[in-house]
Each structure stands twice: as structure tokens, then as C-alpha cells.
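Could you walk me through this fold, from its sheet to a few of its side chains? Let's take it one element at a time.

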Amino acid sequence: MAEQVVGEVTAPGIPSATVARLPSYLRALRDLVARGVSTTSSVELAELSGVGPAQLRKDLSFLGSFGTRGVGYDVDSLAQYITEALGLVDEHRIAIVGIGNLGHALANYSGYEQRGFHVAALLDASPDVVGTRAAGIVVEHVDALEEVVEREKVSIVVLATPAAHAQSVADRVVAAGVREILNFAPRALQVPADVDVRGVDVGSELQILAFHSQARALAEAQDR
């Protein structure tokens, strides 16, 4: 049965797999808020988030204490709990390094502000790009990376550089004190243990889908 949220968030100790699912729960809850829905069940929220109800309840149990069974989750309260657990109460300032086609697309993404992020700086090495504007921000030379990180109080760096330059830029990012990196370059980065890197490799994801497509085709052929 569903439960109503009470108590306080206990974010430390949340398993990484649970953390990876929290943004989906938050997105679903914000959609419910936008629709004027005040309470939801674990079954409904799980369906909106693409997980099973048991998994949802287990994940949410890491956020704090629960009570009043059968009432349903309070949508506003649970959204606030997850917002706090994800560290989104304070704004996170982002620098994007590499303003090619992908970097431009990332700079112009419209969902940052509503999710607690602000693009504070754009950097590139190309003379043809430095000094131009993207998303209303002047692109600065990557040579000024350390200065820009300090000046703009950057806490997250997004790497959209060519693979050959990603490691050297990541080394400078880490040396500048940034501990969170989102890497779009198609290569693994070597970073200290206290630095978190999330990699987004479109090519690898497509290869995984190709594997599943092939496996499905083979299974269907065997069933004939």
C-alpha cells in the first residue's frame, strides 16, 4: 500500500542505483504537480517512472521515514524530498568545454533552469569559435579554464571535446577543484577517486541497441 511522506531526508548512504532512478521519480512528480495532482500511489508513480512498485517503494525508503499507510504519497512533499536528496536546493553552475555542434546543442538546452542548473560559461580552443556567442554567452578560450571556474563558481563541467583532448582537459578541470564531470567525449577518463564522472557515449548506446536487435532477430528466427 502507498504511504504518505513524513520525517526528514537521509540522503547519505543512498545506493548509486537508487540515485540513478531518483531523477525519473522527480520528473514524474513534477509532471503530476503540473497537472494539479496532490497525491499519488506507488503503483501510479512507478508506472510514470518506468519501474515496478516494489522497486519504487524500496528506493523511496532510503529518503527517510514514512507513515500513514493507504493515504498515498503527497506529491509536493515527495518532490521536495527528492530535490533535497539530489542536492538541487542550491543552483549548480555549469561550464561546457567544446562548443562544436554538440556543445551548441548542450548550451541551448532549455531544461537547465527548471532542474536547478545554470550554464555559467562556455569554452573552446578554436579561434573561429572563441568570442562568438552561444545561448547568449560569449565563448572564452579554454586556456582560461581555471580562471573561469573560479570566477563563475563552476561546480560541474561538461566535456564535449574531441576524444583526443578530453583527458588533458579533465586533468585541468580536476586541478581547478571541480569534482563532477559529465563526459560526452567517446573515451574513458582517468580521474582521482574523489571525482565523479558520468559518461554519455551515443555510439556505445547504439551498439548496445544493435546487440539487442540482433538477439531478438535470432530468437525470432529460431521460433519459426
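Two strands count as paired here if DSSP finds at least two bridges between them. This is a predicted model, and with that rule we can start at its open sheet, where seven strands follow the order E7-E8-E6-E5-E9-E10-E11 with mixed pairing. Strand E7 (133–134) and strand E11 (196–199) stand at the edges; each has a single partner strand, so one side of each lacks a neighbour in the sheet. Helix H6 (residues 145–152) packs on this sheet, where it touches strand E5 (92–97), strand E6 (117–124) and strand E8 (137–141). The direction of H6 makes about 160° with that of E6.

Now turn to helix H2 (residues 42–49). Which of its residues are buried? They are Ser 42, Leu 45, Ala 46 and Ser 49. These four cover an arc of only 100° around the axis, and therefore lie on the same side of H2. Just after H2 comes Gly 50, with a positive phi of about 80°.

With a relative accessibility of 3%, Thr 40 counts as buried. Its side chain makes a polar contact of 2.5 Å with the side chain of Glu 44. Setting aside neighbours within four places in sequence, Thr 40 is in contact with Leu 29, Leu 32, Leu 45, Gly 72, Tyr 73 and Val 75. Leu 45 in this list is also one of the buried residues of H2.

Finally, how many aromatic pairs are there? The count comes to one. The rings of Tyr 109 and Tyr 112 have centres 4.9 Å apart and planes at 90°, so this pair is edge-to-face. As for accessibility, Tyr 109 counts as partly exposed at 39%, whereas Tyr 112, at 14%, counts as buried.

How values were computed:
Residues numbered from 1 in each chain as written. Predicted model: local features only at pLDDT ≥ 70, side-chain atom pairs only at ≥ 80, totals over all residues. Heavy atoms only, no water. Helix = DSSP H or I, 4+ residues; strand = E, 2+ residues; numbered from the N terminus. Contact = heavy atoms within 4.5 Å. Axes fitted to C-alpha atoms, helices over the stretch in contact; angles between N-to-C directions. Phe/Tyr/Trp six-rings, centres within 6.5 Å; stacked < 30°, edge-to-face > 60°. Buried < 20%, exposed > 50% of the residue type's maximum accessible area, 1.4 Å probe, protein only. Arc of directions from axis to C-beta. Polar contact = N/O pair within 3.5 Å; in protein donor to acceptor, adjacent residues only side chain to side chain.
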